[in-house]
Amino acid sequence: MSTVKGLRTVVIAGILGTGLALYAGAASAQGFSTERPGSILIFPKVINNGQDTRIQITNTSNSMRNAHCFYTNGASFNGQPLWQVTDFDLVLTRQQPTSWTASAGRPVNPQDSQTGLDPGLIPPVADGFTGSLLCVEVDVGGAPVGSNSLIGTATVGTIEGPGIGATNVEGQYNAVAIAACNDPQGACGASGGAIDTDNVLSLDNVEYAACPGGSYLNFVSEGIGEDPILSGLGNGPGIVSSNLTMIPCGADFENLVPVSTTLNGQVRDEFELRSSISQFDIDCFLTASLDEPLFGGAFNRPTTFGSGIITPLSAPGNVPGIGVVTSLWTAADGTSDTAITNLHFCTDEAADCTTVNSEIRLPNFR
Amino acid sequence: MTREGTERSDEMRRVNANGSASQLRLVTLAAAALVMLGTVASARAAESDYVAGYVVLPKVVVHTTGGTPAVLAGGQAVDTLIQITNTNQTDAINVDCWWVNANSHCGTDTGPICNSNADCSPGLQCVPGWAVLDFTMTLTPGQPIGFGAASGLGNLPCDPIFPGPGCTGNSSGNIRPVPEDPFRGELKCVQVDDNDNPVEANDLKVEATIISTTVGVGGSTTAATYNGIGFEATATAAGDGPLCLGSLPPGSPAGSVCTGTYAPCPNILHMEHPFDTPTLSTELVLVPCSEDLGEPSNSADFSVTAQMLVYNEFEQRFSTSSRVQCYQSTRLSDIDTRPGTADDAFSVFSAGVQGTAVGQTRIRGVRGPDGRLGYGLIGVGCSSYGPAGSAPLATTAFNLQNAGGFREEGDAVYYTDFPNQGP
Amino acid sequence: MLNKTTLTLLGAAALALTVSSAQAETYSDTGAAVLIWPKIVVNDTTDTLVQISNQASVASMAHCFYVNANSRCTNTGAVCDSSSECLEDGFFGACLPGWIEVNFDVFLTPDQPLAWSASTGLSGSGTPCPGGLGAICSGNQGTSVPPVGETPFIGELKCIQADPVTRLPIVCDGTPACRNDLEGGATVTEVDLDINPMRYNAVGLRTTSFNNGDNVLVIGGSDGPEYQPCSQVLVFNHFFDGAVDPVSGIALAQSELSLVPCTQDFLLQQVPRVTAQFLVYNEFEQRFSTSRLVECLLDSPISQIDTTQPNRSIFSAAVSGTVAGQTRITGVGGGLIGSALLNFEGAGIGRAGSGYNLNQFADRDDADFIRIP
């Protein structure tokens, strides 16, 4: 390569890179969504530990669609993430919704009590399973496609029925849908291009949307002593405790290497008092109460309410987290319920939420 | 004479250089275009998972022991916790909010609050109402606040009256409680400047948690959270026109100007849900995107037809429709049957009719005669677990998804535009 | 014992919170050609004394209209305050606002004041100058003020300076000069355990230099206005309901607001509808707003303007957090005219109040109309 050519290349790359980076900041805002259909669905919280999870996925297109799904068990053994992966395939006819529970899965049996077209053999997860589910839209041969047809919801909880001491908790969240870019007029903007058929799904605003740079969350301060609502309703004092569930934005199912990332963040309370969220690691999967030492007490505020931003630590290889917050509201009489919140995506560069490229590697069976 | 291989003559170098220069100019132009595009706000339909300049909470409910009528011991009291955050870490923001009171009243709008004719004295009808009340606040940089709809928030933290240890600026405002108890309705908030004009900024994060509990002991407590539906601000203009969601509706008066332009409403709402059973029911709350907050009577007389396509797991399709007048909160099984549980078994939303456990419903606002209000819809869903006719054992709330892009015909939110108040 | 004079002065002092510097053209303190009394009340414990004066040294005639804004039961037709009063045969009817108009004439001698009780009216023989044998003076012949149509009664009174022959506004075009001879007031008196008189001035519309004498009175606007415009904004200074009187420390404030549309069609008997937008400021400069439809007449305790539960109203001290407030009222779809009453009441100290007029700010650009038969 000549010096001139090389210089030109560098200049072009620099200009393009600037443009692409800027545009990635804006365009990726369309790519991750909990409301629009996508080609990759992420359910950050799937459990079968006394509470169960009902997964519902819908094909919103008027054509048949296939999906390749991966359960990931986020449990740890001796401090090491197990990262056990179980995968299965779904076939959805046009506009078909389907559902199953994590504990039971769904067999292919038209005679069973689960009515509807069985989308495929869905294995049950093991007792005690705590992890996530990721589904990728593929063609019949297993190659990724980008028709952005899938949406999903998850309902987590259990209903034991009326009675003293019974546990009746249910929370619902929308799956995070990642859009395939497809073309410059697609969800990723001008940088968008077609999906190639390899097993590496690039979340880079070219193949698929890049990861948003962070997440916002509102929370009720841990350990405030008395909740702000239940007391006023005549069943106080109540307690609110929240739990954060997060997985890294990315996965490597081919090499079965759990993706790890280090996150940090900032918290503010109602009197603007700021506190930093200590650096914490996500090795494949994280579920932790907000008052755990892991967060350095950042969520134990002197005021009732607070807000926070969670971003990846600025270091090579770190990716943002994708997650939900589960709040448990317990009244004075012991009755309780959970509410699960999808976190807001942060794309504000002023808040250090620069989008991050990542990838999902599928097993290459072809 | 032909040249082979990689030999380059001076001639060719010049040609290549020129061509390269042309290419470089082309690439630079393209890159510049990219840079420009990157700095132009990308319009997107309303979403609940990004911060925004205009946010709607379609479902706010209150009924407490202090209501009229009051919730008695053993009854189910409910309140809505609302959390609003200024995600701008460096600047304070002003926010203008409206409570939209969708309570129905017996006979006239000053009669007792009711849900149906059965709640009224014989001969009186339960007449839908629609009243609007607003309040304003200023949030300091990064400030989160929370309040119950039943009680409001008299003075904000960091208000000069109640300064806090970390306050770098002054908040202000008085969040009034909802005007009636019981209450059902909406909360709408828009980011404004010091003169109450919309600003092209997107710093609001809003969410609601609907909490109910049995008064006393021995019942159930439920909690359900959903995110506010956010509309990204994309432009502002001087004038006294409405907030435009997408663009001005086709029938807007000539010369109308959008004082604020926001992301359009979704074209088709998509709801994944279980079909109703005797122990599980889902409630759908729909509100029009377009509303007249300045003259509520205009909105009270305006309705949007919601066309619904229902698919079960067999890919079988049904359809029904409903009229959304200002505010609609209905159990799915009551959309196409008489209100109440008696006819639930005959509804297209019942598991018995559908034959499958879950389904999807696509909801579209049907375009009517062109006017100053558009026909978009937004909403949320809530599922209740427990035997029908008794207090729910648990509840969930979820944002509806957007399956059809965004509406091309615009929607408009008209709001109180007070003239120059003078010195 | 609380001094009622003190309390009345306090009520008047409530006016002195802001001073509008922008000119508005309705007057309650000088002669006018059209007078509006927004609140006429008659019931078992309340009556209204109406006063009207001729400020000119020539005779004047006022063509007047009582507007009966009583709500009525849809089933029985009886006057009602709420649907709970409309029971017949086991079923309740709705209590809906009504609008009934009655007109009469008042003939005034030069510089003459005249007054009557709304509940009894004023018959010809009861006027000071009925003329005829034995009369001290003449000039009131033709005056016959009926009592208000029913008891209870809530409504308004409008009087237009008119030609005694045509009963229409006097034709004028600079020469002869258009006249503004009428001035008036009303005293709403409650008689219960105590006597509580509350007086306000009638709101006046002065003429421009032109009037074609037809039955359409053009108020403001840019196309041949015959009367000065109604105000764009009414400024209502008040105590929030439930606020503790800062002087006595015991009595609680309670205010009532009466609003009537500027535009009225007595010919076609069409009920005017105007949306009143309220912008409420408390002493912390915190702002709230609400709106309410004014159908013919809005007469309401202020804490029931925006809600059926006064303790949750933005007009209640409990919500607003301060004692005093300023409310700016704008009419959408038409202008508004209003008046207010302020009462202080406390256990063991009775009830005392006063009436007062609203301040104004700016003129309406659009015209209003009064069409008379």
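In chain A, β2(A) and β9(A) pair in the antiparallel sense over seven bridges, where helices (H or I, at least four residues) and strands (E, at least two) are DSSP runs numbered from the N terminus, and two strands are said to pair if DSSP finds at least two bridges between them. Within this pairing, Ile42(A) stands opposite Leu134(A) of β9(A). The structure is a predicted model, in which local features need pLDDT of at least 70 and side-chain atom pairs count only at pLDDT 80 or more, whereas totals for chains, interfaces and linings use all residues. Residues are numbered from 1 along each chain as its sequence is written, and chains are lettered from A and ligands numbered from 1 in the order in which they are written.

Strand β2(A) has a further partner in β12(A), residues 176–178, to which three bridges join it in the antiparallel sense; here Ile40(A) is placed opposite Ile178(A). Nine of the nine residues of β2(A) are buried, so this strand is largely enclosed by the rest of the structure, a residue being counted as buried if 20 or more other C-beta atoms, placed from the backbone, lie within 10 Å of its own C-beta atom.

Chain A is divided into domain 1 (31–203) and domain 2 (214–355), with bounds that come from an automatic or database domain assignment. The centres of these two domains, taken over C-alpha atoms, are separated by 23 Å. Their contact takes 27 residues from domain 1 of chain A and 25 residues from domain 2 of chain A, two residues being in contact if their C-beta atoms, placed from the backbone, lie within 7 Å. On the side of domain 1 of chain A that touches domain 2 of chain A, two or more residues are given by each of β2 (40–48), β4 (65–73), β9 (129–138), β10 (150–159) and β11 (168–174) of chain A, and the largest share, seven residues, comes from β11(A). This side divides into 13 nonpolar, 12 polar and two charged residues, where Ala, Val, Leu, Ile, Met, Phe, Trp, Tyr, Cys and Pro count as nonpolar, Asp, Glu, Lys and Arg as charged, and the others, Gly among them, as polar.

Chain A also holds an open sheet of three strands in the order β13-β24-β16, with mixed pairing. Strands β13 (200–203) and β16 (251–252) of chain A stand at the edges of this sheet, each with a single partner strand, so one side of each is left without a neighbour in the sheet. The pairing of β16(A) with β24(A), residues 358–361, is parallel and extends over two bridges, with Asp252(A) opposite Arg361(A).

In chain C, the domain assignment gives domain 1 (1–24 + 230–373) and domain 2 (26–228), whose C-alpha centres lie 21 Å apart. The contact between them takes 38 residues from domain 1 of chain C and 33 residues from domain 2 of chain C. On the side of domain 1 of chain C that touches domain 2 of chain C, at least two residues are supplied by each of β20 (252–261), β26 (336–346), β27 (350–357), β28 (359–363) and β29 (368–371) of chain C, and β27(C) gives the most, with eight residues. By class, this side has 19 nonpolar, 11 polar and eight charged residues.

Turning to contacts between chains, the one between chain B and chain A takes 85 residues from chain B and 83 residues from chain A. Helix α1 of chain B, residues 10–39, gives the most to the side of chain B that touches chain A, with 10 residues, and this side has 32 nonpolar, 44 polar and nine charged residues. The contact between chain C and chain B takes 39 residues from chain C and 35 residues from chain B. The elements that give two or more residues to the side of chain C that touches chain B include β19 (231–239), β22 (273–282) and β23 (287–295) of chain C, and β23(C) gives the most, with six residues. This side of chain C has 14 nonpolar, 21 polar and four charged residues. Strand β7 of chain B, residues 131–139, is joined to β23(C) by three bridges in the antiparallel sense, and the bridge partner of Leu133(B) in β23(C) is Thr290(C).

The largest nonpolar core has 294 residues, of which Leu41(A), Ala209(A), Leu245(B) and Ala62(C) touch the most other members; such a core is a set of buried Ala, Val, Leu, Ile, Met, Phe, Trp, Tyr and Cys residues joined through C-beta atoms within 7 Å. Apart from this core lies another, of 13 residues, among them Ile113(B), Leu124(B), Cys73(C) and Cys86(C).

Terms used. Buried ≥ 20, exposed ≤ 12 C-beta atoms within 10 Å, placed from the backbone.
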